[in-house]
Amino acid sequence: MRRRLIVTSALISGVAVVGFVGTVARAMQGPAAPAPSPSSYISVNEEPFETVFARMRAAKAEIEQRQRDLLGARYDLGNRPAAGVTMSGGKAIQEGVRVKLPAGVTWDALARMTPDKVRDKGTFPAGFTPLPHPNHQEGGMLFPLYQITEVKKQTGRDLTRFDLDFDLPDAFLPEFPAPIYLTTRPDLGDVSRGRLVTTNNYYELFNGILNPKQLEGLRLLVTPFPQQQFNLTADRRSEHPSLGVSCLDCHQNGSTNGATHLVGDIRPQQFRHRIETPTLRGVNIQRLFGSQRALKTVEDFTEFEQRAAYFDGDPVIATKKGVNVLERGSQVHDMAEFQEILDFPPAPKLDVFGKLDPKRATPAELRGQAVFFGKGQCATCHVPPYYTDNLMHNLRAERFYRPRMINGMMASADGPIKTFPLRGIKDTPPYLHDGRLLTLDDTVEFFNLVLGTQLTANEKKDLVAFLRTL
């Protein structure tokens, strides 16, 4: 918070006296004040909305071009769908390694290097380093265009930000609208009927399928509440005052649309991690919530999101913008009850223990399973039947590169990250907590290098085939 020195002066005749007064005033001020230290709190000072709008709209093109240049340097963004395999709702899956290698380096040669050598030679692929938010200095919730369009069509709410658009191409994002599978009614298959669930249709779609508590929980999950970028104050990033966002604006249909944000639990700003929205499918079998916060129940997570995460982890600014404090007994529990019946998509090739049925699987998939449980060391953390150990692990990827600023983000150590379940993984690209890996092929290459497993080209291909069966 800036300090202002208010000096009151009387008109005094005589140049010498005036000079003396000026000297005394400067002496009282002392030396120039140092630059303010980073604060844990967001500034509560508020500029006129028109001023902010004009400034940030003017900067938008340059900021977005900077992010496009970064993505183009890191990745091959061509639309090349895999043949004969889709997400559970039918969307094409992108295939191939999309992370670009440094000139003169091959994946096999890179995998043979020690972490120190990779770091010293500067050969760690840029696409394997942390991915910044499209405007990391600003941050905030940011939605893909297809989500914005459908929500506006159904409800009239506009999730457009005047300062920023989403950065990753749709081809590398989850299918939309995502199917909804319920643990309580597996006989129904996709209960969304191919529609995005909103306040406009939730009752029509789920009345008679959910019990009253679950139905009320769903109503709250699709109800918009004030959020840092979308609210009714002048300090917002929507052109017009906004009712806010709902839980299922990011976790569309209980899955994910790839919406991005910055984690609320790290300071200062440049050290905050980009977070790619995780799916809510299968939260009933999880015991840790939040990539690093390690909240212990989905009730804790639901309450935390509304109280703080919606406002970049700052409860002070939350009060100003209209925090919605949920009541644990009658609201949080209802919301959790619905979330806890969201099932993983069907995996017809898996048996009751979560492994491949040899009668249904292809030879490549079976070979990939052997790699997963053997040489690849994947099952050390991703334990069947849901392919998580409900723990956190530190991959220490920073062994391979020197810390550096990337578009306003300090790329350094990630720290321990929760083990996300791999069931249904083909439905929810991009991968890793910040979405830096666009395909499963990228993910296999990343872990082959970071874990030092020395997989062959054929073993990598078979491993991807197995992951798609989950």
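P430 lies in the loop between β8 (417-418) and α13, where helices are DSSP runs of H or I with at least four residues and strands are runs of E with at least two, numbered from the N terminus. A cis peptide bond joins P429 and P430, with omega at about -5°. A cis peptide bond also joins R267 and P268, where omega is about -5°; P268 lies in the loop between β3 (260-262) and β4.

Before I continue, a word on the source. This is a predicted model, in which local features need pLDDT of at least 70 and side-chain atom pairs count only at pLDDT 80 or more, while totals for chains, interfaces and linings use all residues. Residues are numbered from 1 along each chain as its sequence is written, and side-chain values use heavy atoms, with hydrogens and water left out.

Let me turn to backbone angles. Phi of Y387 is near 65°, a positive value in a residue other than glycine. Y387 is found in the loop between α12 and β5 (392-393). Is Y387 buried or exposed? Y387 counts as buried, at 0% relative accessibility; buried means under 20% relative accessible area, exposed over 50%, and partly exposed in between, with a 1.4 Å probe and protein chains only. Q454, in the loop between α13 and α14, also has a positive phi, near 55°. Q454 is partly exposed, with a relative accessible area of 36%.

Next, the salt bridges. Side chains of opposite charge can pair when their charged atoms come close. The rule here is a side-chain nitrogen of Lys or Arg within 4 Å of a carboxyl oxygen of Asp or Glu, and by this rule the count comes to 35 salt bridges. One of them pairs E138 with R237, the closest N and O atoms being 2.6 Å apart. This pair links distant parts of the chain, 99 residues apart: E138 is in the loop between α4 (115-121) and α5 (145-155), and R237 in the loop between α7 (212-221) and α8 (247-250). R237 counts as buried, at 12% relative accessibility.

R274 forms a salt bridge with D167, where the closest N and O atoms are 2.8 Å apart. Because R274 lies in strand β4 (residues 274-276) and D167 in the loop between α5 and α6 (202-206), the pair ties together parts that are 107 residues apart in sequence. R274 counts as buried at 2% relative accessibility, and D167 counts as buried at 15%.

A further salt bridge joins the side chains of D462 and R367, at 2.8 Å from N to O. D462 is in helix α14 (residues 457-467) and R367 in helix α12 (residues 363-373), 95 residues apart. D462 counts as buried, at 9% relative accessibility, whereas R367 is partly exposed, with a relative accessible area of 44%. Salt bridges that share partners also join E46, E138, D235, R237, K320 and K321 into one network.

I now stay with α12. In this helix, E365, G368, Q369, V371 and F372 are buried. What covers the buried residues of α12 includes α14, contact meaning heavy atoms within 4.5 Å.

That leads to the nonpolar cores, each a set of buried Ala, Val, Leu, Ile, Met, Phe, Trp, Tyr and Cys residues joined through side-chain atoms within 4.5 Å. Of the 51 residues in the largest nonpolar core, F124, F128, F372, L463 and L467 touch the most other members. The elements that give two or more residues to this core are α2 (49-74), α3 (107-112), α12, β7 (409-411), α13 (440-451) and α14. Which element gives the most to this core? That is α13, with five residues. L463 touches G368, V371, F372, C378, V444 and L455, not counting residues up to four places away in sequence. A second, separate core of 43 residues includes F143, L215, F225 and C250.

Finally, the cysteines. The structure holds zero disulfides, a disulfide being a pair of cysteine sulfur atoms within 2.5 Å. The sulfur of C378 is 9.2 Å from the closest cysteine sulfur, in C381, too far for a bond. C378 counts as buried, at 18% relative accessibility.
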